Amino acid sequence: MDKEARAWLPRFLAHLTIERRLSPHTDISYRSDLQRFVDYCGRNEVRNWRSVDSQHVRMFAAAEFRQGSSPRTIQRRLSALRSFFNFMLRERALDANPAVGVQAPKARKRLPDTMDVDLMTRLLEFRTDTQLGLRDKAIMELFYSSGLRLAELVGLNLGDLDRGDRTVRVLGKGSKTRVVPVGKHALEAIARWLKERAALAANGEQALFVSNRGTRIGPRAVQKRVAGWARRQGLGRHVHPHLFRHSFATHLLESSQDLRGVQELLGHANISTTQVYTHLDFQHLAKIYDAAHPRARRKSRA
(Lines give C-alpha, C1' and ligand atoms only; values in the text may rest on other atoms or scores of the structure.)
Protein backbone atom coordinates (compact mmCIF):
# COMPACT_ATOMS: atom_id res chain seq x y z
CA MET A 1 0.00 0.00 0.00
CA ASP A 2 1.33 3.43 -0.89
CA LYS A 3 1.61 6.34 1.56
CA GLU A 4 -1.63 7.99 0.41
CA ALA A 5 -3.58 4.74 0.90
CA ARG A 6 -2.15 4.22 4.40
CA ALA A 7 -3.19 7.77 5.37
CA TRP A 8 -6.84 6.66 5.31
CA LEU A 9 -6.35 4.38 8.34
CA PRO A 10 -5.78 7.10 10.99
CA ARG A 11 -8.63 9.13 9.43
CA PHE A 12 -10.99 6.19 9.84
CA LEU A 13 -9.83 5.46 13.40
CA ALA A 14 -10.36 9.10 14.33
CA HIS A 15 -13.88 8.80 12.88
CA LEU A 16 -14.52 5.80 15.17
CA THR A 17 -13.31 7.66 18.24
CA ILE A 18 -14.79 11.10 17.65
CA GLU A 19 -17.96 10.52 15.66
CA ARG A 20 -19.04 7.01 16.61
CA ARG A 21 -17.51 7.15 20.10
CA LEU A 22 -16.52 3.50 20.09
CA SER A 23 -14.56 2.11 23.02
CA PRO A 24 -10.72 2.07 23.09
CA HIS A 25 -10.89 -1.74 22.98
CA THR A 26 -12.85 -1.59 19.70
CA ASP A 27 -10.39 0.95 18.32
CA ILE A 28 -7.46 -1.39 19.02
CA SER A 29 -9.28 -4.32 17.37
CA TYR A 30 -10.11 -2.31 14.23
CA ARG A 31 -6.54 -1.03 14.00
CA SER A 32 -5.14 -4.57 14.20
CA ASP A 33 -7.64 -6.05 11.74
CA LEU A 34 -7.11 -3.34 9.13
CA GLN A 35 -3.34 -3.56 9.45
CA ARG A 36 -3.51 -7.27 8.67
CA PHE A 37 -5.39 -6.50 5.47
CA VAL A 38 -2.89 -3.76 4.55
CA ASP A 39 -0.06 -6.26 5.07
CA TYR A 40 -1.88 -8.79 2.88
CA CYS A 41 -2.30 -6.18 0.13
CA GLY A 42 1.38 -5.31 0.36
CA ARG A 43 2.38 -8.95 -0.14
CA ASN A 44 0.11 -9.09 -3.20
CA GLU A 45 1.26 -5.79 -4.72
CA VAL A 46 -2.05 -3.96 -4.22
CA ARG A 47 -1.02 -0.30 -4.06
CA ASN A 48 -4.23 1.63 -3.38
CA TRP A 49 -7.80 1.14 -2.19
CA ARG A 50 -9.38 1.56 -5.63
CA SER A 51 -7.47 -1.52 -6.76
CA VAL A 52 -9.10 -3.69 -4.06
CA ASP A 53 -11.99 -5.86 -5.25
CA SER A 54 -14.14 -8.55 -3.65
CA GLN A 55 -11.75 -11.28 -4.78
CA HIS A 56 -8.93 -9.70 -2.78
CA VAL A 57 -11.17 -9.67 0.31
CA ARG A 58 -12.20 -13.31 -0.21
CA MET A 59 -8.59 -14.40 -0.66
CA PHE A 60 -7.62 -12.46 2.47
CA ALA A 61 -10.33 -14.29 4.49
CA ALA A 62 -9.17 -17.63 3.07
CA ALA A 63 -5.54 -16.86 3.93
CA GLU A 64 -6.51 -15.95 7.49
CA PHE A 65 -8.39 -19.24 7.85
CA ARG A 66 -5.41 -21.24 6.56
CA GLN A 67 -3.17 -19.50 9.07
CA GLY A 68 -5.39 -20.65 11.94
CA SER A 69 -7.70 -17.69 12.59
CA SER A 70 -11.06 -18.78 13.94
CA PRO A 71 -14.29 -18.10 12.01
CA ARG A 72 -15.27 -15.61 14.71
CA THR A 73 -12.01 -13.68 14.27
CA ILE A 74 -12.40 -13.63 10.48
CA GLN A 75 -15.98 -12.36 10.87
CA ARG A 76 -14.67 -9.51 13.01
CA ARG A 77 -11.97 -8.64 10.47
CA LEU A 78 -14.46 -8.61 7.61
CA SER A 79 -16.76 -6.40 9.68
CA ALA A 80 -13.86 -3.98 10.23
CA LEU A 81 -13.19 -3.92 6.49
CA ARG A 82 -16.86 -3.28 5.65
CA SER A 83 -16.94 -0.37 8.09
CA PHE A 84 -13.72 1.04 6.71
CA PHE A 85 -14.87 0.84 3.10
CA ASN A 86 -18.25 2.35 4.03
CA PHE A 87 -16.34 5.28 5.53
CA MET A 88 -14.40 5.70 2.28
CA LEU A 89 -17.66 5.57 0.32
CA ARG A 90 -19.01 8.34 2.51
CA GLU A 91 -15.88 10.37 1.81
CA ARG A 92 -16.29 9.65 -1.93
CA ALA A 93 -12.91 7.95 -2.11
CA LEU A 94 -14.52 4.72 -3.40
CA ASP A 95 -17.47 3.90 -5.63
CA ALA A 96 -18.31 0.49 -4.10
CA ASN A 97 -17.63 -1.58 -0.97
CA PRO A 98 -15.56 -4.65 -2.00
CA ALA A 99 -16.18 -6.39 1.34
CA VAL A 100 -19.97 -6.52 0.93
CA GLY A 101 -21.17 -10.08 0.43
CA VAL A 102 -17.91 -11.73 1.50
CA GLN A 103 -18.69 -14.32 4.16
CA ALA A 104 -16.45 -15.90 6.77
CA PRO A 105 -16.64 -19.62 7.59
CA LYS A 106 -19.54 -20.31 9.93
CA ALA A 107 -18.57 -20.19 13.58
CA ARG A 108 -19.89 -22.62 16.13
CA LYS A 109 -22.08 -20.84 18.65
CA ARG A 110 -20.24 -20.75 21.92
CA LEU A 111 -22.25 -20.46 25.12
CA PRO A 112 -21.08 -17.66 27.40
CA ASP A 113 -19.20 -18.69 30.52
CA THR A 114 -20.99 -17.97 33.80
CA MET A 115 -20.66 -18.42 37.56
CA ASP A 116 -23.46 -19.93 39.58
CA VAL A 117 -25.10 -17.93 42.36
CA ASP A 118 -23.15 -19.63 45.16
CA LEU A 119 -19.80 -18.94 43.52
CA MET A 120 -20.74 -15.34 42.81
CA THR A 121 -21.81 -14.86 46.42
CA ARG A 122 -18.51 -16.32 47.60
CA LEU A 123 -16.59 -13.87 45.42
CA LEU A 124 -18.51 -10.81 46.57
CA GLU A 125 -18.58 -11.59 50.29
CA PHE A 126 -15.02 -10.43 51.00
CA ARG A 127 -14.51 -7.74 53.63
CA THR A 128 -12.06 -4.87 53.30
CA ASP A 129 -11.35 -1.49 54.86
CA THR A 130 -8.77 -0.24 52.35
CA GLN A 131 -9.60 2.51 49.88
CA LEU A 132 -8.82 0.40 46.81
CA GLY A 133 -10.54 -2.64 48.31
CA LEU A 134 -13.74 -0.66 48.88
CA ARG A 135 -13.51 0.65 45.32
CA ASP A 136 -13.04 -2.88 43.95
CA LYS A 137 -15.99 -4.21 45.92
CA ALA A 138 -18.19 -1.39 44.59
CA ILE A 139 -17.03 -2.13 41.04
CA MET A 140 -17.78 -5.85 41.26
CA GLU A 141 -21.11 -5.36 43.01
CA LEU A 142 -22.14 -2.90 40.28
CA PHE A 143 -21.00 -5.26 37.52
CA TYR A 144 -23.20 -8.03 38.90
CA SER A 145 -26.07 -5.79 39.98
CA SER A 146 -26.54 -4.05 36.63
CA GLY A 147 -24.86 -6.20 33.97
CA LEU A 148 -22.55 -3.46 32.72
CA ARG A 149 -19.85 -3.89 30.09
CA LEU A 150 -16.30 -3.06 31.16
CA ALA A 151 -16.13 0.06 28.95
CA GLU A 152 -19.50 1.21 30.31
CA LEU A 153 -18.38 0.92 33.91
CA VAL A 154 -15.05 2.72 33.57
CA GLY A 155 -16.83 5.46 31.61
CA LEU A 156 -19.27 6.26 34.43
CA ASN A 157 -19.23 9.72 35.96
CA LEU A 158 -20.52 10.78 39.37
CA GLY A 159 -23.59 12.37 37.79
CA ASP A 160 -24.59 9.13 36.09
CA LEU A 161 -25.52 7.51 39.40
CA ASP A 162 -28.90 8.39 40.94
CA ARG A 163 -28.85 6.90 44.42
CA GLY A 164 -32.29 8.23 45.23
CA ASP A 165 -33.83 6.56 42.20
CA ARG A 166 -31.48 3.55 42.50
CA THR A 167 -30.46 3.73 38.86
CA VAL A 168 -27.38 4.40 36.77
CA ARG A 169 -27.26 6.02 33.33
CA VAL A 170 -24.99 4.08 30.99
CA LEU A 171 -23.47 5.04 27.64
CA GLY A 172 -23.44 1.78 25.69
CA LYS A 173 -22.36 0.62 22.25
CA GLY A 174 -23.11 2.98 19.39
CA SER A 175 -23.43 5.88 21.86
CA LYS A 176 -26.82 4.55 22.99
CA THR A 177 -27.84 5.56 26.50
CA ARG A 178 -29.85 3.33 28.79
CA VAL A 179 -30.89 3.57 32.44
CA VAL A 180 -30.60 0.41 34.53
CA PRO A 181 -31.46 -0.40 38.15
CA VAL A 182 -28.80 -0.68 40.83
CA GLY A 183 -29.32 -3.26 43.56
CA LYS A 184 -29.18 -2.78 47.31
CA HIS A 185 -25.77 -4.42 47.83
CA ALA A 186 -24.22 -2.41 45.01
CA LEU A 187 -25.64 0.87 46.38
CA GLU A 188 -24.26 0.10 49.83
CA ALA A 189 -20.83 -0.75 48.42
CA ILE A 190 -20.80 2.42 46.28
CA ALA A 191 -21.79 4.54 49.28
CA ARG A 192 -18.81 3.19 51.24
CA TRP A 193 -16.52 3.83 48.28
CA LEU A 194 -17.74 7.41 47.82
CA LYS A 195 -16.71 8.24 51.39
CA GLU A 196 -13.13 7.30 50.44
CA ARG A 197 -13.14 8.60 46.87
CA ALA A 198 -12.63 12.26 47.80
CA ALA A 199 -9.25 11.45 49.35
CA LEU A 200 -8.07 9.79 46.13
CA ALA A 201 -9.67 11.71 43.26
CA ALA A 202 -7.80 14.55 41.58
CA ASN A 203 -9.35 18.02 41.60
CA GLY A 204 -12.15 18.23 39.04
CA GLU A 205 -12.13 14.50 38.25
CA GLN A 206 -15.69 13.39 37.44
CA ALA A 207 -15.11 9.65 37.10
CA LEU A 208 -17.08 7.50 39.52
CA PHE A 209 -14.16 5.08 39.87
CA VAL A 210 -10.61 6.42 40.04
CA SER A 211 -7.17 4.82 40.28
CA ASN A 212 -4.64 5.38 43.04
CA ARG A 213 -3.30 8.25 40.88
CA GLY A 214 -6.64 10.04 41.21
CA THR A 215 -7.66 9.78 37.57
CA ARG A 216 -10.29 7.61 35.86
CA ILE A 217 -9.52 3.92 36.32
CA GLY A 218 -8.59 2.06 33.13
CA PRO A 219 -10.05 -1.21 31.78
CA ARG A 220 -6.81 -3.15 32.27
CA ALA A 221 -6.59 -2.14 35.93
CA VAL A 222 -10.16 -3.35 36.53
CA GLN A 223 -9.37 -6.70 34.87
CA LYS A 224 -6.30 -7.19 37.07
CA ARG A 225 -8.08 -6.26 40.29
CA VAL A 226 -11.06 -8.55 39.58
CA ALA A 227 -8.78 -11.49 38.79
CA GLY A 228 -6.78 -10.77 41.95
CA TRP A 229 -9.83 -10.86 44.22
CA ALA A 230 -10.96 -14.13 42.65
CA ARG A 231 -7.60 -15.67 43.53
CA ARG A 232 -7.77 -14.35 47.08
CA GLN A 233 -11.24 -15.80 47.51
CA GLY A 234 -9.96 -19.18 46.35
CA LEU A 235 -12.32 -19.54 43.41
CA GLY A 236 -9.85 -21.67 41.47
CA ARG A 237 -10.78 -20.16 38.10
CA HIS A 238 -10.07 -17.07 36.04
CA VAL A 239 -12.64 -14.33 36.62
CA HIS A 240 -12.95 -11.40 34.21
CA PRO A 241 -15.36 -8.41 34.13
CA HIS A 242 -17.59 -9.80 31.35
CA LEU A 243 -18.22 -12.90 33.46
CA PHE A 244 -20.33 -10.71 35.79
CA ARG A 245 -22.45 -9.59 32.81
CA HIS A 246 -23.00 -13.16 31.62
CA SER A 247 -23.90 -14.28 35.14
CA PHE A 248 -26.22 -11.29 35.64
CA ALA A 249 -28.13 -12.15 32.45
CA THR A 250 -28.34 -15.87 33.19
CA HIS A 251 -29.47 -15.51 36.80
CA LEU A 252 -32.03 -12.85 35.88
CA LEU A 253 -33.45 -14.97 33.09
CA GLU A 254 -33.65 -18.01 35.37
CA SER A 255 -35.78 -16.02 37.80
CA SER A 256 -37.91 -13.91 35.49
CA GLN A 257 -38.14 -15.77 32.14
CA ASP A 258 -38.48 -12.27 30.65
CA LEU A 259 -36.22 -12.29 27.59
CA ARG A 260 -37.28 -8.84 26.40
CA GLY A 261 -36.62 -7.33 29.81
CA VAL A 262 -33.14 -8.85 29.96
CA GLN A 263 -32.49 -7.55 26.43
CA GLU A 264 -33.33 -4.00 27.55
CA LEU A 265 -31.17 -4.23 30.66
CA LEU A 266 -28.18 -5.53 28.69
CA GLY A 267 -28.58 -2.95 25.94
CA HIS A 268 -28.69 -5.54 23.14
CA ALA A 269 -29.90 -4.15 19.82
CA ASN A 270 -31.20 -7.55 18.70
CA ILE A 271 -33.13 -10.14 20.70
CA SER A 272 -31.04 -12.88 19.03
CA THR A 273 -28.00 -11.68 21.01
CA THR A 274 -29.89 -12.17 24.27
CA GLN A 275 -31.32 -15.54 23.25
CA VAL A 276 -27.96 -17.24 23.77
CA TYR A 277 -28.70 -17.14 27.50
CA THR A 278 -31.83 -19.25 27.06
CA HIS A 279 -29.63 -22.26 26.25
CA LEU A 280 -28.06 -21.97 29.69
CA ASP A 281 -31.43 -22.33 31.36
CA PHE A 282 -32.58 -25.54 29.68
CA GLN A 283 -32.64 -27.53 32.92
CA HIS A 284 -34.95 -24.97 34.51
CA LEU A 285 -37.25 -24.99 31.47
CA ALA A 286 -37.29 -28.79 31.46
CA LYS A 287 -38.56 -28.77 35.06
CA ILE A 288 -41.34 -26.34 34.09
CA TYR A 289 -42.28 -28.60 31.18
CA ASP A 290 -42.38 -31.72 33.37
CA ALA A 291 -44.54 -29.95 35.92
CA ALA A 292 -46.94 -28.21 33.54
CA HIS A 293 -47.40 -30.14 30.28
CA PRO A 294 -50.42 -32.49 30.30
CA ARG A 295 -48.43 -35.27 28.60
CA ALA A 296 -45.43 -34.83 30.88
CA ARG A 297 -47.08 -34.62 34.31
CA ARG A 298 -46.79 -37.73 36.40
CA LYS A 299 -50.06 -39.01 37.77
CA SER A 300 -50.23 -39.05 41.54
CA ARG A 301 -50.47 -42.44 43.11
CA ALA A 302 -53.89 -43.42 44.37
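How are α11 and α12 oriented to each other, roughly parallel or roughly antiparallel? The close-up views below are taken from a predicted model, and the opening view gives the answer.

**View A. Packing of helix α11 (residues 241-256) against helix α12 (residues 259-266).** The two helices pack at an angle of about 155°, and their axes are 9 Å apart. Angles over 145 degrees count as roughly antiparallel, and α11 and α12 are therefore roughly antiparallel to each other. The crossing of α11 past α12 is right-handed. On the α11 side, the contact consists of R245, F248, A249, L252, L253 and S256, which meet L259, V262, L265 and L266 of α12. Sorted by class, this contact of α11 with α12 holds eight nonpolar residues, one polar residue and one charged residue.

**View B. Crossing of α6 and α11.** Here the axes of α6 and α11 come within 11 Å and cross at roughly 135°. That angle makes α6 oblique to α11. The crossing is left-handed. From α6, the residues V117, M120, L123 and L124 meet F244, S247 and H251 of α11. The contact of α6 with α11 comprises five nonpolar and two polar residues, with no charged ones.

**View C. Packing of α7 against α9.** The axes of α7 and α9 lie 8 Å apart, at an angle of about 145°. α7 passes α9 in a left-handed crossing. α7 contributes Q131, L132, L134, R135, K137, A138, E141, L142 and S145 to the contact. The partners on α9 are H185, A186, A189, I190, R192, W193, E196, A199 and L200. By class, the contact of α7 with α9 has ten nonpolar, three polar and five charged residues.

**View D. The second largest pocket and its lining.** This pocket holds about 580 Å³ of space. It is lined by 25 residues, of which L124, E141, Y144, H185 and A186 are the closest to its centre. The elements that give two or more residues to the lining are α6 (117-124), α7 (131-146), α9 (184-200) and α11. The largest share, six residues, comes from α9. The lining of the second largest pocket divides into ten nonpolar, seven polar and eight charged residues.

Definitions and conventions:
Residues are numbered from 1 along each chain as its sequence is written. This is a predicted model: local features need pLDDT of at least 70, side-chain atom pairs count only at pLDDT 80 or more; totals for chains, interfaces and linings use all residues. Side-chain values use heavy atoms; hydrogens and water are left out. Axes are lines fitted to C-alpha atoms, for helices over the stretch in contact, and angles run from 0 to 180 degrees between N-to-C directions. Helices (H or I, at least four residues) and strands (E, at least two) are DSSP runs, numbered from the N terminus. Angles under 35 degrees count as roughly parallel, over 145 as roughly antiparallel, 65 to 115 as roughly perpendicular and the rest as oblique. A crossing is left-handed if the near helix is turned anticlockwise from the far one by less than a right angle, and right-handed if clockwise. Contact means heavy atoms within 4.5 Å. Ala, Val, Leu, Ile, Met, Phe, Trp, Tyr, Cys and Pro count as nonpolar, Asp, Glu, Lys and Arg as charged, and the others, Gly among them, as polar. On a 1 Å grid over the protein atoms alone, a cavity is a set of points where a 1.4 Å probe fits but cannot get out, and a pocket is an open set with protein on both sides within 12 Å along at least five of seven lines; lining residues have an atom within 4 Å of a point. Grid points are joined across faces, edges and corners, and a volume is the space filled by probe spheres set on the points.
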